[in-house]
Amino acid sequence: MVRAIVDYDLVVVGSGPAGATAARTAARGGLSVLLVDKKQELGSPIQCSGAVSANALTVVDVLPADEFVLEPVYGFVAYDATGTAETLDYRRYRNEPLGYVVDRRRFDRHLAGLAEQAGAEVWLKTEATGHTPRPDGTTEVHLTRLGRPVSVTAHVVVGADGVQSQVGRWAGIQTRIKLKELASCFQFVVEGVETRGLLEIVTGERWAPGGYSWIFPKGHGHAEVGLGVARTMTKQDARWHLDRFMNESFLADRLKGARIVEVQGGGVPLAAPLRRQTADHIVLVGDAARHVNPITGGGIHTALRGGAIAGAFLAQFVAGDLPPTAAHLAGYHQRWLAELGNTMWKLYDLKTSIFRERDPARRDALLHTTMTSYFRPDSEYRKV
């Protein structure tokens, strides 16, 4: 089969961790790649705490750098609603960071820069508005770049454009999330709160119905204090719960001197991964495919790994003789399931079983046990 000439082998829509890693990996594999993002500033707006494991960076060959690392992390403290704590400080076993809290703006810019170094072309302030399959087996991707319409041809479009993925909608993939599976998150960046190089989480519906609260070190004398709640389990918004947590919880004395320097918030999916992640000419990665840890809401690690899996698969696929149909591209989904997805499905089933429990006290106990065991060195979920 002689492949038609295209402007790019891949057009990747969305330059967050999943999209940038997919673009970088595919470009390293010899493909011509265009990475586009409708934002003019990468990493904005900030909607997450920015915690990422050292393993997540190692797997995708990203070295931790002062450019984006705010604070190394050496372990966890998990509290129940009354303040009973279980500490897992990995400095007892090794003197290397378990992970990092990163500056998302700088981190995303760094990843996009790595994609460019690998050979990908990056267009910011460029919105993908649709695509039109062509008789020669390619597809025309419609873009608006700096306010002007432009089209390019490609073999495959990678949708890494977030929870409400437009690329997924082009393919008729259901991208809407049920309200009960969307956490409302709110956090303050503060000064005046001491941290110990540990990620601290607080479970219990008293403080965060359907989710948990946190205190994360952010470096330079700053910390992140926030929480996520399931809106179907409370009549109040996340800001109300955070104010209550800071003023009334067992950590109130420690938090009373906090000086707020930044306010951040957004929605985080706690849903199952999409059962359908490919269509003709289309592959979905990252938040667009629901590659988010359904227990913790963490998405950076799974986005990096999912992007790398997609990029490596597509480098091999485009070099082959198969047309980019949904059936042929489904090999990516199968590879993702084998390497990461099946474990994420187990986590989703575990989360579902916890919140089917009707007794609040029992639910709190199950969630706390799950979160404390989750971070142990021998946990099968620790790297998800």
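First, the ground rules. This is a predicted model: local features need pLDDT of at least 70, side-chain atom pairs count only at pLDDT 80 or more, and totals for chains, interfaces and linings use all residues. Residues are numbered from 1 along each chain as its sequence is written, and side-chain values use heavy atoms, with hydrogens and water left out.

Let's start with the whole chain. It has nine helices and 19 strands. Those are DSSP runs, numbered from the N terminus: helices are H or I with at least four residues, strands are E with at least two. The radius of gyration is 21 Å, close to the 21 Å that the globule rule gives for 384 residues, so the chain is as compact as a globular protein of that length. That radius is taken over C-alpha atoms, and the rule is 2.2 Å times the number of residues to the power 0.38. Along the principal axes, the C-alpha atoms fill a box of roughly 70 × 45 × 40 Å.

How much of the chain is buried? Buried residues make up 56% of the 384. Buried means under 20% relative accessible area, exposed means over 50%, and partly exposed is in between (1.4 Å probe, protein chains only).

Now the contacts. Take those between residues at least 6 apart in sequence: 70% of them join residues at least 24 apart. Contact here means heavy atoms within 4.5 Å.

On to the rings. The whole structure holds nine aromatic pairs. Rings of Phe, Tyr and Trp (its six-membered ring) pair if their centres lie within 6.5 Å; planes under 30 degrees apart are stacked, over 60 edge-to-face, and the rest tilted.

W207 sits in the loop between β14 (199-203) and β15 (212-219), F245 sits in helix α5 (residues 238-248), and the two are 38 residues apart. W207 is buried at 2% relative accessibility. F245 is buried too, at 0%.

Next, F313 and Y332. This pair is tilted, with 6.5 Å centre to centre and 50° between the planes. F313 is in helix α7 (residues 300-318) and Y332 in helix α8 (residues 326-356), so the pair ties together parts 19 residues apart in sequence. F313 is buried at 9%, and Y332 at 1%.

There is also a cluster: ring pairs link Y212, W214 and F216.

Last topic, charges. How many salt bridges are there? The count is 13. Each is a side-chain nitrogen of Lys or Arg within 4 Å of a carboxyl oxygen of Asp or Glu.

R91 and D89 meet at 3.0 Å, N to O. R91 is partly exposed at 35%, whereas D89 is buried at 16%.

E262 bridges to R105, with the closest N and O atoms 4.0 Å apart. E262 is in strand β17 (residues 259-269) and R105 in helix α3 (residues 104-118), so this pair ties together parts 157 residues apart in sequence. E262 is partly exposed at 29%, and R105 is partly exposed at 27%.

Strand β17 also carries R259, which pairs with E191 in strand β13 (residues 182-191), 68 residues apart.

Finally, a network of salt bridges links R24, R28 and D61.
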